[in-house]
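Thanks for making time this morning; I would like to walk you through one structure and then take your comments. Please have a look at it first.

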Amino acid sequence: MASPNPDTPVRKKAVEHDPDVGEYHNPAGGWGALKAVSQHLLHSRSPAANARALLKLNQPDGFDCPGCAWGDPEHGSSFEFCENGVKAVTWEATAKRVKRDFFARHSVTELKTWDDYRLEDQGRLIEPMVYNAETDHFEPIGWEAALDLVAAELKALPTPDDAIFYTSGKACNESAYVFQLLARLYGTNNLPDCSNMCHEASGVALGEALGTGKGSVRLEDFEHAEAIFVFGQNPGTNHPRMLGTLREAAERGATIASFNPLRERGLEKFADPQKPLEMLHNGSHRISSHYFCPKLGGDMAAVRGIAKALFEREAAGEAVLDHAFLGEHTAHFEAYKTRVEATPWAELEAQSGLTQREMQEAAELYARSNATIICWAMGITQHVHSVATVREIVNLLMLRGNLGRPGTGTSPVRGHSNVQGDRTMGIFEKPSDELLDALEARYKTAMPREHGVDSVAAVEAMRDRPGKVFVGLAGNFTRAISDSQVAEAAMASCRLTAFIGTKLNRSHLVTGRKALILPCLGRSEIDKTGGKTQLITVEDSMSMVHGSAGINRPASPGLPSEVEILTRLGERLVGSEAVEWAAMRADYDVIRDHVAEVIPGFDDFNARVRVPRGFWLGNPTAERHFPTASGKAEFSDAPLPERIMHQQMAEREGWLTLQTLRSHDQYNTTVYGYNDRYRGIENGRQVVFLNPADIERLGVSAGQWVDLVGESEGGIIRRVEGFKVVAYDTPAGCAAAYYPETNPLVPLSHKGEGSHTPAYKSIAIRLEPNARIA
């Protein structure tokens, strides 16, 4: 059959996944969640075993969900899991296996044409594979030879700083600690991680304002909050167990005010699948009492508008500020007050996309609450001015003393289950002197002091200085990072790429001159490394550290754990003089003893983590102790950005501001299916959500196929092809589409000031009709 002419339009039916677009009128959760749970259990090909496993999910004697980092309640139920937790577990505990014959049948070039869902849906990796460039296929390799190859290539580098050790938040505390120790004993702080791409702005801003980079609330604080403000977050998809917490708060009368450019169903109403009577009568409960829709990047102005309204009320004689807290515990208040009062309402309206009345209404909600928590996620942290925005949120909390009291505080809601724990364990390219001093004291070895590369800088280093070695501990780096074309070309210039993981993903196919895939145990599986059933630990968003022990049989006999792979690599790379790698491998209690000696807050680690629910690491903010330079919580009087993206786009005819986001069948770069139930999308991911007024303004129509074209930089034309236009309730000038498909539109240089996080939520695009899909 002749090949089709590339200029000939392709009819819609030729599109493999032509999205069906409808409307979803039901609450989040409910029967739709139960149906999805049953479908994913069946799709795993091991429904009975996985159903039993779910009963141990997030239980004191079970294993921690490999999905999100929401905390476990003090008095949990028998079913402490959500729909997306089920997806995460069944995706990992599938009965499907990727064997050597699969790689023999499919070349790397062919596999690169598969989408993310199809790649990971092949099942679990079960033996190490090495890339043969001559045949373009991965082929089996023994474990000893594979680890020898990694060690040899690392040793052959001109300098240890030519190595990059990347970590995903799926890694547990024990493997994260071993990984950072291995990298630093080898001689580098090149330890980029997924935090660089999500909540880095939170850590930077909270560190500057309060002296510690973690959120201050515990799960119990939500039981005492009179108001909960939620910014830039979609918990119905990204943290579904959070909906239970928000629902309980709403049921007892707490105010929940949500700020989000899209109207997300999970923030509107929720039907709890664990409430039989509610399910029987198709009931639900309201989540948000108030819903505000700022424009993309407008949250900083919205929060400043709330503060301005509070100052105006105070000037009118109303006592709304906590002057005792401000006087005793804060610094630079007057400079901030001056800045806010000098900001005109017209500027706040233009930047935020909210009216003065809406911001005053939000101020009223805040003023009448005696205990307020503010939560936020990547809708806040993935903008150029994200650090300043988080500082503004902290400013607002300080105005009424909403720090260090029950029911108050900061709550950056983290993504992957142990992304916060990895950072605690030392996975950071900018380690503190205290950490390095402690490591040197414990291991009697000098540690590298020069800061390493973060995730964006890692791509730049690989691009500009080829010949690196990239070692990835879990994750899907080239799909998570911005500027996908540049990132893949950079990684392909490495002398070796080696990925430790459970399932095949796109990054494994972006091979250096040599490449390895190293399979490992998953979170849900029994780990009998060293002949002993091992316990691992994780840290959730609320700084609770708890144990996790898998209950499923390993995907393959002899499949090693992350710890086993890393300790065996450590023996080869740096020897066993400074570290007893074999003892660590044989008993993870030994690793935890090391952690207790090096990392503050982990005294009696082994005993405390075996208590149900684990232990709290503590947070100085919760005690109103602020280890900043001034010894106080510090206000920021940063100016608003001159013009945020949506304002710039308004000045350029035909342009939009795009945010990337997840579908409901997705967690980070892992795609579980082609549906986005709450947004009414089925059978496809290539959609772009637009305000109806923009559809008319731009001369396109709902259902039309378009290409998304980004700004050119460095001679690169940034374009992603074939997206169906969907009319949606989002502010004019703002658009949304799923990642990682749209990551190629984000230049490496488009990143947060002070955080270097890619600005995935503020991308300049225009639309062009797609000529191939008529």
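This is a predicted model: local features need pLDDT of at least 70, side-chain atom pairs count only at pLDDT 80 or more; totals for chains, interfaces and linings use all residues.

Which residue lies over the face of W114, and at what distance from the ring centre? R118 does, at 3.6 Å from the ring centre, where a charge is taken to sit over a ring if NZ of Lys or CZ of Arg is within 6 Å of the ring centre and within 35 degrees of the ring normal.

Residues are numbered from 1 along each chain as its sequence is written, and side-chain values use heavy atoms, with hydrogens and water left out.

Staying with W114, its ring and that of F102 have centres 5.9 Å apart and planes at 75°, so the pair is edge-to-face; rings of Phe, Tyr and Trp (its six-membered ring) pair if their centres lie within 6.5 Å, and planes under 30 degrees apart count as stacked, over 60 as edge-to-face and the rest as tilted. F102 lies in helix α4 and W114 in the loop between α5 and α6, so the pair ties together parts that are 12 residues apart in sequence; helices (H or I, at least four residues) and strands (E, at least two) are DSSP runs, numbered from the N terminus. F102 and W114 are both buried, buried being under 20% relative accessible area, exposed over 50% and partly exposed in between, with a 1.4 Å probe and protein chains only. Together with F103, Y131 and F138, F102 and W114 form one aromatic cluster.

Turning to the sheet, six strands make up an open, mixed arrangement in the order β6-β5-β18-β17-β16-β7, two strands being paired if DSSP finds at least two bridges between them. At the edges stand β6 and β7, each with a single partner strand, so one side of each is left without a neighbour in the sheet. Strands β5 and β18 run antiparallel and are joined by two bridges, and V130 stands opposite L516 in β18.

L516 also brings us to the largest nonpolar core, where, of 62 residues, Y177 and L516 touch the most other members; such a core is a set of buried Ala, Val, Leu, Ile, Met, Phe, Trp, Tyr and Cys residues joined through side-chain atoms within 4.5 Å. Helix α8 gives this core its largest share, nine residues.
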